[in-house]
Amino acid sequence: DASAHAAAFDAAVAADERIEPRDWMPEAYRASLVRQIAQHAHSEIIGMQPESNWITRAPSLRRKAILMAKVQDEAGHGLYLYSAAETLGVSRDELLDKLHSGRQKYSSIFNYPTLTWADVGAIGWLVDGAAITNQVPLCRCSYGPYARAMVRVCKEESFHQRQGYELLLALSQGTPEQHAMAQDAVDRWWWPSLMMFGPPDDESSHSAQSMAWKIKRHSNDELRQRFVDICVPQAEALGLTLPDPDLRWNEERGHHDFGAIDWTEFWDVLKGNGPCNEQRLTQRRRAHEEGAWVRDAAAAYAAKQHTNGEA
Ligand code: FAQ
């Protein structure tokens with residue numbers, strides 16, 4: 001009966017066990033996971049666009065091979081995540097339709113342009129760095145399929161973060177023009193990267209419930225602080241500065257203090273008014289339409305196999 005189901009669910013969450021697709025779960029738990037996992041999946045595939053912009057202009061064969069591998073990994077992450085969402089009873093078509101019609105979100109960060117080659121480095125270092133900081137705790141998420149998907153995703157993100165760091169280091173130690181290009185990219189990507197962690201805790205509508213369900217293990221502000229603390233010594237090693245005059249070590253807190261984030265910009269980007277929102281969605285819809293023949297052919301082939309099997 002319903003109350004026994006609810007008690008079993010609560011006990012499993014309390015004992016840090018995983019909830020699996022066939023287990024009973026509260027409808028709101030299922031809906032919140034679909035929301036977060038779909039948003040995460042959409043971010044991975046929309047996130048292919050800013051970097052793929054530079055594949056044809058990578059400065060060497062080695063850089064091009066690395067960048068192609070990274071962008072392909074992102075497609076793979078999208079696929080694991082759509083599969084994880086499907087275990088909750090939604091179809092991929094439905095999720096893509098919601099992305100294309102603007103009814104589901106993707107990360108704010110992918111609405112910023114990649115103006116120079118150094119942006120590929122800044123995305124790897126900062127955007128993948130922020131993604132890892134946020135996603136390592138998700139490996140312990142209470143929902144089994146999502147938690148397991150995160151393990152492999154995080155391993156791949158670590159390689160992405162290192163490639164970005166190494167790319168920026170090469171530029172930073174290069175000619176004065178290359179150094180300036182690296183600094184400019186970091187200046188533009190720093191603040192949007194901090195926004196990736198979501199609104200401040202007191203404005204985060206889902207955090208309390210998601211933490212009670214152990215979907216989220218840390219609050220948005222906790223993870224943002226962790227990321228800032230990780231980045232400061234890395235920026236120093238890179239020979240680059242972070243564009244925040246208020247950034248300084250706070251002995252008492254044992255953390256870095258940092259300046260105020262422009263939340264107006266964040267909410268504005270979420271509303272669709274970032275520099276690239278329209279371009280990203282238009283490109284995504286076009287890619288989907290242009291891929292229709294592949295889906296049709298796969299479905300026709302599957303139907304034929306099915307008929308052959310029956311014969
Ligand atoms: N962008 O109540 P909260 C990557 C929305 S990494 C857009 O705090 P929650 C790898 C939020 O959905 C990027 N929207 O929400 C990569 C909610 O609106 P809703 C993807 C945001 O869920 C690297 C409202 O604001 N990573 O793709 C953002 O508890 C390089 C209130 O917020 C993930 O998705 C934002 N930044 O916490 C790929 C990680 N922040 O849904 C390519 C999984 C918040 O009610 C290249 N997700 N909102 O309409 C999470 O951990 C969480 O969902 C948070 C937000 C932490 C993002």
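In this predicted model, the second largest pocket has a volume of about 320 Å³. Its lining comprises 13 residues, and I45, L79, R92, L96 and R284 are the closest to the centre. By class, the lining of the second largest pocket divides into eight nonpolar, two polar and three charged residues.

The largest pocket has a volume of about 1100 Å³. It is lined by 47 residues, of which Q36, Q39, S107, N134 and M196 are the closest to its centre. Two or more lining residues come from each of α2 (27–46), α4 (61–86), α6 (118–135), α7 (144–172), α10 (220–238) and α11 (263–273). The largest share, seven residues, is from α6. The lining of the largest pocket has 18 nonpolar, 17 polar and 12 charged residues.

The ligand sits in the largest pocket. It is surrounded by 35 residues, with K105, S204, H206, K216 and N220 the closest. The shell around the ligand draws at least two residues from each of α2, α4, α6, α7 and α11. Here α2 gives the most, with six residues. The shell has 12 nonpolar, 14 polar and nine charged residues.

A polar side-chain atom of S204 lies 2.7 Å from a ligand oxygen atom. A backbone N or O atom of M195 is 3.4 Å from a ligand nitrogen atom. For Q36, a polar side-chain atom lies 3.5 Å from a nitrogen atom of the ligand. Taken alone, the ligand exposes 1100 Å², and the protein buries 93% of that.

Methods. Residues numbered from 1 in each chain as written. Predicted model: local features only at pLDDT ≥ 70, side-chain atom pairs only at ≥ 80, totals over all residues. Heavy atoms only, no water. 1 Å grid on protein atoms, 1.4 Å probe; cavity = no way out; pocket = protein on both sides within 12 Å on 5 of 7 lines; lining within 4 Å. Points joined across faces, edges and corners; volume = space filled by probe spheres on them. Helix = DSSP H or I, 4+ residues; strand = E, 2+ residues; numbered from the N terminus. Nonpolar A, V, L, I, M, F, W, Y, C, P; charged D, E, K, R; others polar. Near = heavy atom within 4 Å. Polar contact = N/O pair within 3.5 Å; in protein donor to acceptor, adjacent residues only side chain to side chain. Areas by Shrake-Rupley, 256 points an atom, 1.4 Å probe, with all protein chains shown as cover. Sits in = over half its atoms within 2 Å of the grid points.
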